[in-house]
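Take a walk along this chain, from its overall build down to single residues. Keep the structure in view as you read.

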Amino acid sequence: MKKGFCVLQAVLAVVLTLFIIGVSVVGTLAFRPLYYMDMKKLQIPETSGYSEETVHENYDALIDYNLAWKDGKLSFPTLPMSETGRIHFEEVKDIFDAFKYMAVFGGVAALAGIVFMAKRKEYRYLKMTAVITCGIPVILGILVALFWDKVFVIFHELFFNNDYWIFDSSTDPVITILPDEFFMHCAFMIFGGVLFGAVVCMAAYMVLGRREKMRVSHSSNSSGRGCHMD
């Protein structure tokens, strides 16, 4: 295999990995049942002091804001919000928007690459993708499981250039309905989505690779019998 073609497969593997990560993040954001389950499991209404209905509608408002493609103004139905809180949520939305674009454009680019490789019966990029997407969640998952508090802080320090993410519950009571445990569960769901993508890619690589070997073997055997008959 030519070096340039190997590089092309590696690039496609990276693009496909970014697509899988983007879909996993956006999918987790959109999967509201995870929060609804945590509402009961973590007793969020009891610990926050708000009714289940209040918690529900304010969380939904936050998710609707982050899922929207257009820039809008976040407004909680019944909870107040400080100016620093508003700025932080705008920065959070920018991050989610990046993942949404990663999922959409990564998906388009990955599809084009998959079609290109399929025509040439090349599938090594699937194995590369599986290795990359499997390694990322395994490593990060271990760190999250063992050092969640430190990982949580480091994440915010890396992605935000201010301390607006440190909420004061008296001015931004929304923080009382967003416990750290919920974010940890979101992290594990994202890792699960990425691992699922890795499994799909590896399964596809094995099936398509086996099919291609059988095709080549059958073609070689047919060619060999023809030569023998001559």
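Helices (H or I, at least four residues) and strands (E, at least two) are DSSP runs, numbered from the N terminus. The model is a predicted one: local features need pLDDT of at least 70, side-chain atom pairs count only at pLDDT 80 or more, and totals for chains, interfaces and linings use all residues. Residues are numbered from 1 along each chain as its sequence is written, and side-chain values use heavy atoms, with hydrogens and water left out.

Start with the whole chain. The protein chain has seven helices and zero strands. Read from the N terminus, its elements run α-α-α-α-α-α-α. The radius of gyration of the protein chain is 23 Å, well over the 17 Å that the globule rule gives for 230 residues, so the chain is more spread out than a compact globule. Here the radius is taken over C-alpha atoms, and the rule is 2.2 Å times the number of residues to the power 0.38. Along the principal axes, the C-alpha atoms of the protein chain fill a box of roughly 90 × 30 × 30 Å.

Next come contacts and surface. Contact means heavy atoms within 4.5 Å. Of the contacts in the protein chain with a separation of 6 or more, 80% join residues 24 or more positions apart. The accessible surface of the protein chain comes to about 13,600 Å². Carbon and sulfur atoms hold 66% of that surface. These areas come from the Shrake-Rupley method with a 1.4 Å probe; for residues, only the protein chains shown count as cover. A residue is buried under 20% relative accessible area, exposed over 50%, and partly exposed in between (1.4 Å probe, protein chains only). Buried residues make up 37% of the 230 residues.

The protein chain has 21 positive and 23 negative charges, and their mean positions are 22 Å apart. Lys and Arg count as positive and Asp and Glu as negative; His and the chain ends are not counted. Each charge is placed at NZ of Lys, CZ of Arg, CG of Asp or CD of Glu.

Now go to helix H1, residues 3–30, and find Thr17. Thr17 is buried, with a relative accessible area of 4%. What does Thr17 contact, leaving aside its neighbours within four places in sequence? Its partners are Thr129, Ile132, Thr133 and Ile136. Ile136 counts as partly exposed, at 33% relative accessibility. Not counting residues up to four places away in sequence, Ile136 touches Thr17 and Ile21. Met117 is 19 residues from Ile136 along the chain, and their C-alpha atoms are separated by 25 Å.

Move on to helix H2, residues 33–41. Leu34, Tyr35, Asp38 and Met39 are buried there. They cover an arc of only 145° around the axis, which puts them on the same side of H2. The arc is that of the directions from the helix axis to the C-beta atoms. An α-helix has 3.6 residues a turn, so residues three or four places apart point the same way. On the other side of H2, Met37, Lys40 and Lys41 are exposed.

Most residues other than glycine have a negative phi. Gln43 sits in the loop between H2 and H3 and is partly exposed, at 46% relative accessible area. Lys121 also has a positive phi, near 55°. Lys121 lies in the loop between helix H5 (83–119) and H6. Its relative accessible area is 39%, so Lys121 is partly exposed.

Gly49 is in the loop between helix H3 (44–48) and helix H4 (52–67). Gly49 is exposed, with a relative accessible area of 62%. Thr176 is 127 residues from Gly49 along the chain, yet their C-alpha atoms are separated by 8.5 Å.

Phe167 belongs to the loop between helix H6 (124–159) and helix H7 (180–229). Is Phe167 buried or exposed? At 17% relative accessibility, Phe167 counts as buried. Beyond neighbours within four places in sequence, Phe167 is in contact with Gly85, His88, Phe89, Asp172, Val174 and Ile175. Phe167 and Gly85 are 82 residues apart in sequence and 7.2 Å apart in space, C-alpha to C-alpha.
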